[in-house]
Amino acid sequence: MILLLKILNTYIYLTHQMIFNNMNFFTCLHLFIFSIPFLLQNTTHSLNCLQNEKLALLKFKSELIDDYDRLSTWGTSNKVQQNCCKWTGVLCHNRTNHVVALDLGGPSNVLIERYAPLRGKISSSLLELSDLSYLDLSSNDFNGTQIPDFFGFLSKLRYLNLNFTNFGGLIPQGLGNLSLSYLGLSANNFTGGIPESLGNMLSLSHFDLSLNKLEGKIPDSLGNLISISFLDFSDNQLQGEVPTFKNLSSLRFLDFSGNKFSGQASNVMNSLWNSSMLEIIDLSENFFYGSLPRIPRFRFLKELRLQSNEFNGSFVEGNLRLPSLEVLDVSGNRFSGSVPNLSLCYSLRVLNLTDNMFNGTLTQSIGYLSKLEYLGLGSNHLEGIISEPNLFNLSNLQKLDLSFNTNLTIRVASNWNPPFRLDTISLAYCELGPRFPEWLRNQTLVQDLDISNAKIYDTIPHWFWDNSESLLTVNMSSNKIYGVLPDLASKLVSLTSVDLSSNELNDFRNYTEMCE
């Protein structure tokens, strides 16, 4: 029963990490499977650590600064605690009694748990732990020092987690000597390039270098990581073209966002031709250019993020037959032509095409995306009329942005009851008038409303203020709204910003002052 509770608690913990800390599903699964042997090993009471390994751990502790007494069980006079296999974060093998794991990661979510880092120096006494296969030092603070070179000689190591440890300098070439399956180096201050030697780790399945200061090109040798399923190099200063990754057939997660990569996106997709299991592709915030590459091959794709690049051209019809796709974000590019028919992407939750050059009318195919929560078409050159059939089945929609399409008209029946309940409405510079939009009557959850420059020639009905207790920001400026405003101080207690300027209101007061 105790063993089952341990396994269940481990499963719950890793599920929490996946949900609240955006940990990849495959990483969670990998860690869960990896942890079961350790749970099994420490269920026996006969474990008794080896003397030389106990001394090595005490040496390791002596060179750390433990401000929060996280290692208080290490080496005290208590008889049980003299056995290093019972020390916090230490796991031993149930037959050999060798230390096989050190789990010394700090709190992974500092919003929930207190940040209590270990500091100081990492002692080379760890080399005495000849069977050490798991080392987690994440969420500690090593003050910008380099990863010790001796890490490259921990020959049994399979799992190394140094995320959020404030290491800096160059990544040691010697890490490429290890046969790791997990390597986490994210959120540090590493500089220089990615070592060529890291391409030697043919068993590596999880590789995270995100949130560092790495420069230069990705080494061609990383194309040899035939077991890789998770690859995250986001938020660095890497540049150049992405090398050929044709051997990465197990790849499921790829994030190169927030770098200085360049080149034709079609070359990137061609290099991933054999990575047909991909579920996440994020190339956003780089300098990729060209037309949308061929992607129907990735039939398991759930997220495609290409925003803030230099893509252009139109969407090729049939290029988006992706029934598993949940997020499509190509905002901040120079795509043109008609908004594509996405009715075959029926799992879409987020569709962001804002800030491009799409033109023409909006087809009724958008209305078939019943799972859509965010629809962003703002800042394009759309025209024509948006009516009920364009929006008829969007029952899950929460955020709607059609703003800054100056030739777009929204024309619906006065008694239309939308299937959705929005929290964000951005319709600036669309034609909504001349009457105040009656369909807003049932939008009682709206927090942010922008219907400025919408050609409204009407009064603001009383029901609007009575039904808008959730409003945080309102912009109705640059219309021809007239009449007398009620006293809003008692109605809109959460309001932080209101702009009713450039209208024809009687006894107009600056309601922005009311919100300050």
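Cys-85 has a relative accessibility of 3%, so this cysteine counts as buried, a term for residues under 20% relative accessible area, with over 50% called exposed and anything in between partly exposed (1.4 Å probe, protein chains only). A disulfide joins Cys-85 to Cys-92, with 2.1 Å from S to S; the term stands for a pair of cysteine sulfur atoms within 2.5 Å. In general, a disulfide is a covalent bond between the sulfur atoms of two cysteines. The angle about the S-S bond of Cys-85 and Cys-92 is -100 degrees, and the link is left-handed. Cys-92 is also buried, at 0% relative accessibility.

The model is a predicted one, in which local features need pLDDT of at least 70 and side-chain atom pairs count only at pLDDT 80 or more, while totals for chains, interfaces and linings use all residues. Residues are numbered from 1 along each chain as its sequence is written, and side-chain values use heavy atoms, with hydrogens and water left out.

By the distance rule, the count is two disulfides. Besides the link already described, Cys-49 and Cys-84 form a disulfide with their sulfur atoms 2.3 Å apart. This pair links distant parts of the chain, 35 residues apart: Cys-49 is in the loop between helix 2 (25-41) and helix 3 (51-62), and Cys-84 is in the loop between strand 1 (64-65) and strand 2 (90-92). Helices (H or I, at least four residues) and strands (E, at least two) are DSSP runs, numbered from the N terminus. Cys-49 is buried at 12% relative accessibility, and Cys-84 is buried at 0%. When the bonded cysteines of the chain are numbered in sequence order, the pairing reads 1-2, 3-4.

Cys-345 counts as buried at 0% relative accessibility, and Cys-430 counts as buried at 1%.

The loop between strand 1 and strand 2 also holds Thr-73. With a relative accessible area of 16%, Thr-73 is buried. Leaving aside neighbours within four places in sequence, Thr-73 is in contact (heavy atoms within 4.5 Å) with Gln-81, Trp-87 and Thr-88.

The aromatic rings come next. The structure holds 24 aromatic pairs. Rings of Phe, Tyr and Trp (its six-membered ring) pair if their centres lie within 6.5 Å; planes under 30 degrees apart count as stacked, over 60 as edge-to-face and the rest as tilted. Phe-311 and Phe-335 form a stacked pair, 5.9 Å centre to centre with 10 degrees between the planes. Phe-311 lies in strand 19 (residues 310-313) and Phe-335 in strand 21 (residues 334-337), and their pair links distant parts of the chain, 24 residues apart. Phe-311 is buried, with a relative accessible area of 0%, and Phe-335 is buried at 0% relative accessibility.

In another pair, the rings of Tyr-368 and Phe-392 have their centres 5.5 Å apart and their planes at 85 degrees, so this pair is edge-to-face. Tyr-368 lies in the loop between strand 23 (357-360) and strand 24 (374-376), and Phe-392 in the loop between helix 5 (388-391) and strand 26 (399-401), so the pair ties together parts that are 24 residues apart in sequence. Tyr-368 is partly exposed at 48% relative accessibility, and Phe-392 is partly exposed with a relative accessible area of 43%.

Ring pairs also build a cluster, which links Phe-207, Phe-233, Phe-245, Phe-256, Phe-261 and Phe-288.
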